[in-house]
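User: Can you walk me through this one? I have a few quick questions.

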Amino acid sequence: MSAADHTSHRRGWLKGALASLGAIALSGCEQITNSPTVLKALESAEGLTRRAQRLILSPGQLAPEYAERDISPVFKANGSTDPQDEAYLTHVANGFQDWRLKIDGLVAHPMTLSLADLRARPARTQITRHDCVEGWSCIGKWTGAPLADLIREAGLKPDAKYLVFHCMDTLGGSADSPDHEASRYYESIALADVFHPQSLLAYEMNGQPLGVPHGAPLRLRVERHLGYKQAKYIERIEAVASLDKLHGGKGGYWPDRGYEWYAGI
Ligand SMILES: Nc1nc2c(c(=O)[nH]1)N[C@H]1C(S)=C(S)[C@@H](COP(=O)(O)O)O[C@H]1N2
Ligand SMILES: [Mo]
C-alpha cells in the first residue's frame with residue numbers, strides 16, 4: 001500500500017466509525033455497550049486513562065528515598081504528641097489491642113482491621129524526608145501497609161473522589177488559640193495519592209512500633225506532601241465524593257484554618 005492509499009484507507013475507516021457512532025447516538029443509550037465500534041472506542045479511552053495513570057504514577061513522581069545512614073538521629077514530633085482524649089488513653093493503656101481501623105463511606109466492602117490484620121498484609125518500607133510547614137525537615141524510615149492495596153480491596157464506588165482520615169486527637173480550643181474551635185484532627189487526599197506507591201498506613205518508624213508522639217498506632221505517609229497531610233492517630237478512613245460537608249469544607253484541620261489543601265512538596 002502506498003502512503004496515499006494508507007491515508008485514504010484510514011480516513012475511510014474513521015468516516016465509517018464516526019457514522020456508526022452517530023447512528024448509535026441517535027438510537028439511544030441501551031445499545032451503546034452492544035456496539036463493537038463503541039466498545040472499541042471505550043476500550044481505547046480506558047487505555048488512555050491507564051496511560052495517564054502510569055504517567056502520574058511513574059517513578060519520576062516518587063518522592064526521593066534515602067539510605068539508612070541518612071536517618072535523622074532525632075525525629076521531631078509535632079502537633080499532637082500526647083493526645084489526652086479519653087478513648088485514645090484507653091487504647092494506649094491496653095496496647096491498642098481493641099483499636100480498630102474502619103474503612104467506610106463510598107466503598108463496596110467496608111472493612112474493620114486490627115493492628116495484627118494490618119501487620120499481616122504485604123508491607124512496604126521507605127526512608128523519606130518529612131517537611132513541616134514550620135520550616136524543619138527530618139528523615140525517617142516508615143513501614144506500613146500500602147494504602148492502594150487496602151482501598152482496592154474495599155472497592156471504591158464510582159463517585160468516590162477523596163479519602164478522609166479521621167484521627168483520635170483533639171487540637172485547638174485552648175486559651176492561646178481563641179479563634180480555633182476544638183476538633184479532632186482530620187485530613188484528606190485525592191485518588192492520585194490514594195493509589196501512589198509511596199502512600200502508606202505506617203505502623204513502624206525506624207524499625208520500631210510507631211510511638212505515641214508520632215501517631216500510634218497508625219499514621220499516614222504521603223511523601224509528596226507537607227507534614228500536616230501526614231495524619232497521625234488514625235481510626236477511620238472514609239471515602240467521599242466531596243469535601244464540602246467536612247467541617248469548614250477545605251478538607252483538613254489546617255486547610256480549614258487557612259493552609260493550602262494540596263500542600264505538595
Ligand atoms: N492527628 C494528627 N496528625 C498530625 C498532626 C496532628 O496534630 N494531629 N500534626 C501534623 C503536622 S503539622 C506534622 S509536621 C506532622 C508531625 O509528625 P511527627 O510528629 O511524626 O513529626 O504530623 C501531622 N499530622
Ligand atoms: Mo507540620
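Predicted model: local features only at pLDDT ≥ 70, side-chain atom pairs only at ≥ 80, totals over all residues.

User: In what order do the strands of the open sheet run?

Analyst: The order is 2-1-10-5-6, five strands with mixed pairing. Strand 2 (111–113) and strand 6 (183–190) are at the edges; each has a single partner strand, so one side of each lacks a neighbour in the sheet. On average, neighbouring strands are turned by 20 degrees against each other, direction ignored.

User: How do strand 1 and strand 2 pair, parallel or antiparallel?

Analyst: Antiparallel, with three bridges between strand 2 and strand 1 (residues 101–105). Lys-102 has Thr-112 in strand 2 as its bridge partner.

User: Which strands does helix 5 lie across?

Analyst: Helix 5 (residues 147–154) lies across strands 1, 2, 5, 6 and 10. Its direction is at about 135 degrees to strand 2.

User: Switching topic. Asp-193: buried or exposed?

Analyst: Asp-193 is buried, because its relative accessible area is 4%, and buried means under 20%. The residue sits in helix 6 (residues 191–194).

User: What does Asp-193 touch, leaving out residues up to four places away in sequence?

Analyst: Asp-193 touches Ser-199, Arg-224, His-225 and Tyr-262.

User: And the largest pocket, what volume does it have?

Analyst: About 400 Å³. The lining has 25 residues, and Asn-78, Gly-79, Tyr-185, Gly-227 and Tyr-228 lie nearest the centre of the pocket.

User: How does that lining split by class?

Analyst: The lining of the largest pocket has 13 nonpolar, seven polar and five charged residues.

Key
Residues numbered from 1 in each chain as written. Chains lettered and ligands numbered in written order. Heavy atoms only, no water. Helix = DSSP H or I, 4+ residues; strand = E, 2+ residues; numbered from the N terminus. Buried < 20%, exposed > 50% of the residue type's maximum accessible area, 1.4 Å probe, protein only. Contact = heavy atoms within 4.5 Å. Pairing = 2+ DSSP bridges. Axes fitted to C-alpha atoms, helices over the stretch in contact; angles between N-to-C directions. 1 Å grid on protein atoms, 1.4 Å probe; cavity = no way out; pocket = protein on both sides within 12 Å on 5 of 7 lines; lining within 4 Å. Points joined across faces, edges and corners; volume = space filled by probe spheres on them. Nonpolar A, V, L, I, M, F, W, Y, C, P; charged D, E, K, R; others polar.
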